[in-house]
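Have the viewer open as you read.

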Amino acid sequence: MEPIHVIGGGLAGTEATWQIAQAGVPVVLHEMRPERKSPAHHSEHLAELVCSNSFGAQASDRAAGLLHEELRQLGSVVIGKADYHQVPAGGALAVDRGHFSADLTSTLAQHPLIELRREEVQTIPADGIAVITTGPLTSDALSLALQDFTGQAYMSFFDAASPIIVGESINREIAFMASRYDRGEAAYLNCPLNREQYLHFWQQLCAAEQAELKDFERETAKFLKRAYRSKRWPAGGKTPCAMAR
Ligand SMILES: Cc1cc2nc3c(=O)[nH]c(=O)nc-3n(C[C@H](O)[C@H](O)[C@H](O)COP(=O)(O)OP(=O)(O)OC[C@H]3O[C@@H](n4cnc5c(N)ncnc54)[C@H](O)[C@@H]3O)c2cc1C
């Protein structure tokens with residue numbers, strides 16, 4: 001049987017690969033890392049979480065929780081490993097990101113019907129079935145090929161990665177553990193500030209050294225700045241202080 005090709009080993013590609021293989025069909029998963037890294041991924045593992053380690057609310061009467069439950073019932077490998085590598089996060093399903101991705105990588109590597117090829121795919125395969133799951137940071141060459149194929153201009157995607165703080169650097173005599181919105185166990189670190197401290201923090205934050213924009217972020221940042229200045233900022237949109245200046 002001809003294998004199906006899945007291009008991109010993020011969350012979507014990892015799940016697609018697993019489901020195809022579990023259905024008894026051979027599958028080749030093409031992942032460009034570690035040879036080529038995206039501007040946001042850091043590791044060589046499949047299904048790397050590029051920012052938050054949270055999959056959202058757990059309760060099945062919430063949208064995210066309902067999706068988790070449906071995925072469990074469909075035998076999702078991603079949600080199965082998320083459950084296994086869960087860390088306390090109140091009402092949310094959050095994971096130990098390193099162990100989660102490493103476990104998914106070795107689980108897929110051990111599947112007899114899955115072949116993992118570490119390579120960038122630059123064109124859409126002409127023959128056979130290909131599933132393209134290269135996400136918002138699809139490599140430039142494949143982005144162009146997709147543009148040609150669909151005849152569409154790029155779609156927009158803008159996001160930011162949260163900073164990760166070393167746990168030991170936090171003074172636990174000041175910060176304290178508590179639940180989020182009074183739901184679930186005390187799993188979040190809270191930093192109490194009085195009004196004066198808060199205003200000082202805000203000023204320091206807005207005056208702080210700013211991270212260098214990556215190339216792919218420059219045009220979007222210019223667009224957002226123009227939209228904000230011309231008062232066409234989307235209703236309800238949050239304005240980072242860097243943009244407001
Ligand atoms: C800076 C940033 C912050 C984000 N923060 C969050 C967040 O906090 N919460 C959230 O839910 N979502 C967040 N997102 C969105 C996040 O990308 C998606 O939720 C999730 O990663 C999408 O999964 P995916 O499988 O579609 O893509 P990805 O996880 O990005 O996986 C795509 C994979 O394809 C590979 N690839 C790309 N091009 C090629 C190619 N040509 N050949 C072979 N392999 C290729 C990449 O290396 C990558 O492994 C963020 C995105 C960015 C960029």
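The side chains of Ser38 and His41 are joined by a polar contact of 2.5 Å; such a contact is a pair of N or O atoms within 3.5 Å, where within protein one must be able to donate a hydrogen and the other to accept it, and residues adjacent in sequence count only if both atoms are side-chain atoms. You will find Ser38 in the loop between β2 and β3 (54-57). Ser38 counts as buried because its relative accessibility is 8%, with buried meaning under 20% relative accessible area (1.4 Å probe, protein chains only). Setting aside neighbours within four places in sequence, Ser38 is in contact with Met32 and Leu137, a contact being heavy atoms within 4.5 Å.

A word on the source: this is a predicted model, in which local features need pLDDT of at least 70 and side-chain atom pairs count only at pLDDT 80 or more, while totals for chains, interfaces and linings use all residues. Residues are numbered from 1 along each chain as its sequence is written, and side-chain values use heavy atoms, with hydrogens and water left out.

Now to the ligand. Met32, a contact of Ser38, also has a backbone N or O atom 3.2 Å from a ligand nitrogen. Here are the backbone pairs together:

| Residue | Ligand atom | Distance |
|---|---|---|
| Ala12 | oxygen | 2.9 Å |
| Met32 | nitrogen | 3.2 Å |
| Val121 | nitrogen | 2.9 Å |

On its own the ligand has 960 Å² of accessible area, and the protein covers 82% of this; areas come from the Shrake-Rupley method with a 1.4 Å probe, and for residues only the protein chains shown count as cover. Two or more residues of the shell come from each of α1 (11-22) and β2 (27-31). In total, 29 residues surround the ligand, and the closest are Ala12, Glu31, Arg33, Val121 and Ser139; to be included, a residue needs a heavy atom within 4 Å of the molecule.

Stepping back to the protein chain, there are 8 helices and 9 strands, which are DSSP runs numbered from the N terminus (helices H or I, at least four residues; strands E, at least two). The C-alpha trace spans about 70 × 45 × 35 Å along its principal axes. Of the 245 residues, 30% count as buried. Among contacts between residues at least 6 apart in sequence, 53% join residues at least 24 apart. The accessible surface of the protein chain is about 16400 Å², and carbon and sulfur atoms account for 56% of it.

Conventions
Buried < 20%, exposed > 50% of the residue type's maximum accessible area, 1.4 Å probe, protein only.
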